[in-house]
Amino acid sequence: MRKIDISEKISNTAYIPIAIIAAILMVIPVYILFMTSFAVPSDILKPHPDFFITRFTLDHWKNVFTSGNIWPPFKKSFVVATMTTIIAIIIAAPAAYVIARMPSKIKYAVVLSLFFTRMFPDVGIALPIAVQFIKLNLMDTYLGLVMAHLIVNLPFAAWILVGTFETIPKDLEEAALVDGTSKLTALMRIIMPIALPGIAVTAIFVWLNSWNEFTYALYLTISDRTLPLQTYYYVQRGGIFDSATYAAVLTIPVMLVTFFLQKYMKSGYLAGAVKG
């Protein structure tokens, strides 16, 4: 008992410095990215750049926003990510509910089969999809990119939601059915509202995955680039400050979505909803 208490104290004591170090390691690259986008070129291009900049400029941001090259990619990435998220949730939520209520052996077999496509690299899937999409005139279209993103995100969304529905007791459904509620009504009015935090977390991950997706966009885009592709284009051109600015713009929506919806990522949120 005493050994357990000592180990718990050590783990609790070590948790804070480890978390701080991990946070610093994650924040530093983002800081350098934004620092470069706001820094005067002479402060960055010198042999030993300062970690903290003292001279700020908005010239890089003005150049990017006045060039007219950022809004079309931004719009395409935003629309595709949003459409992918909505469609993935509409399809995956009912499917995950059915899977969660299956017998254990069948359920786990189905869950494992969801990740069958993840056994292959994205490049190996994107190339034949691009060939078929050329025949279907889906190249360089919003619909084509959404369909491609669903290949990756639908199994992922279903996997997360299966775990969410498994935490919801069957007693809630049975009580609703005893009261004369139909199974569909019980699902929509009782189960889905309780599962909303899990659905929100799934939506966050699907949106972020679609927003940052690169491989399918590269194969299915001819001229109308997404924002990750546009950022890659400027990186290839070798423009340090334009590349940093585009990357910063790409990062901002990710930070905002995570910040405003982080409350749904708390592990006890769903448990509290079920207990209530």
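## A helical chain and its charged pairs

Glu166 is partly exposed, with 37% relative accessibility. This value falls between the 20% limit for buried and the 50% limit for exposed. The model is predicted.

Glu166 pairs with Lys107 in a salt bridge, with 2.7 Å between the closest N and O atoms. The two sit 59 residues apart, Glu166 in helix α7 and Lys107 in helix α5, so the pair links distant parts of the chain. Lys107 is buried, at 8% relative accessible area.

**Overall build**

The protein chain holds 14 helices and 0 strands. Of its 276 residues, 38% are buried. Among contacts with a separation of 6 or more, 72% join residues 24 or more positions apart. The accessible surface is about 16300 Å², and carbon and sulfur atoms account for 71% of it.

An unreviewed UniProt entry annotates "transmembrane region" over residues 12-34, 78-99, 106-130, 142-165, 186-208 and 243-261. Two of these ranges can be compared with the model. Residues 142-165 are 100% helix and 0% strand, with end C-alpha atoms 31 Å apart. Residues 186-208 are 96% helix and 0% strand, and their end C-alpha atoms also lie 31 Å apart.

**Nonpolar cores**

The largest nonpolar core has 40 residues; Leu161, Phe165, Tyr216 and Leu220 touch the most other members. At least two residues each come from α4 (71-100), α5 (104-114), α6 (122-135), α7 (142-166), α9 (183-194), α10 (196-212) and α11 (215-220). Helix α7 contributes the most, with 10 residues.

Which residues does Tyr216 touch, beyond those up to four places away in sequence? They are Asp122, Ile125, Ala126, Ile129, Leu145, Ala148, His149, Ile151 and Val152. A second, separate core has 17 residues, Trp61, Trp211, Tyr234 and Leu250 among them.

**A nonpolar patch**

Tyr15, Ile16, Ile20, Ile24, Ile28, Ile32, Phe51 and Phe52 make a nonpolar surface patch of about 800 Å². Ile24 lies in helix α1 (residues 2-38). This residue is partly exposed, at 43% relative accessibility.

Lys76 belongs to helix α4. Is this residue buried or exposed? Lys76 is buried, since its relative accessible area is 0%. Thr226 is 150 residues away from Lys76 in sequence, yet their C-alpha atoms are 5.8 Å apart.

Side chains of opposite charge can pair when their charged atoms come close. Lys76 has such a partner in Asp140: their closest N and O atoms are 3.5 Å apart, in a salt bridge.

In all, the chain has 3 salt bridges. Another of them joins the side chains of Asp43 and Arg55, at 2.8 Å from N to O. Here the partners are 12 residues apart: Asp43 is in helix α2 (residues 41-44), and Arg55 is in the loop between α2 and α3 (59-66).

| Residue | Relative accessibility | Class |
|---|---|---|
| Lys76 | 0% | buried |
| Lys107 | 8% | buried |
| Asp43 | 13% | buried |
| Asp140 | 19% | buried |
| Glu166 | 37% | partly exposed |
| Arg55 | 40% | partly exposed |

Asp140 counts as buried because its 19% is under the 20% limit.

Key:
Residues are numbered from 1 along each chain as its sequence is written. This is a predicted model: local features need pLDDT of at least 70, side-chain atom pairs count only at pLDDT 80 or more; totals for chains, interfaces and linings use all residues. Side-chain values use heavy atoms; hydrogens and water are left out. Helices (H or I, at least four residues) and strands (E, at least two) are DSSP runs, numbered from the N terminus. Buried means under 20% relative accessible area, exposed over 50%, partly exposed in between (1.4 Å probe, protein chains only). Contact means heavy atoms within 4.5 Å. Accessible areas come from the Shrake-Rupley method with a 1.4 Å probe; for residues, only the protein chains shown count as cover. A nonpolar core is a set of buried Ala, Val, Leu, Ile, Met, Phe, Trp, Tyr and Cys residues joined through side-chain atoms within 4.5 Å. Patches are made of residues with over 30% relative accessible area and no salt bridge: like charges are joined within 9 Å, nonpolar side chains (Val, Leu, Ile, Met, Phe, Trp, Tyr) within 5 Å. A salt bridge is a side-chain nitrogen of Lys or Arg within 4 Å of a carboxyl oxygen of Asp or Glu. UniProt positions are given in the numbering used here, feature names are shortened, and annotations may be inferred rather than shown by experiment.
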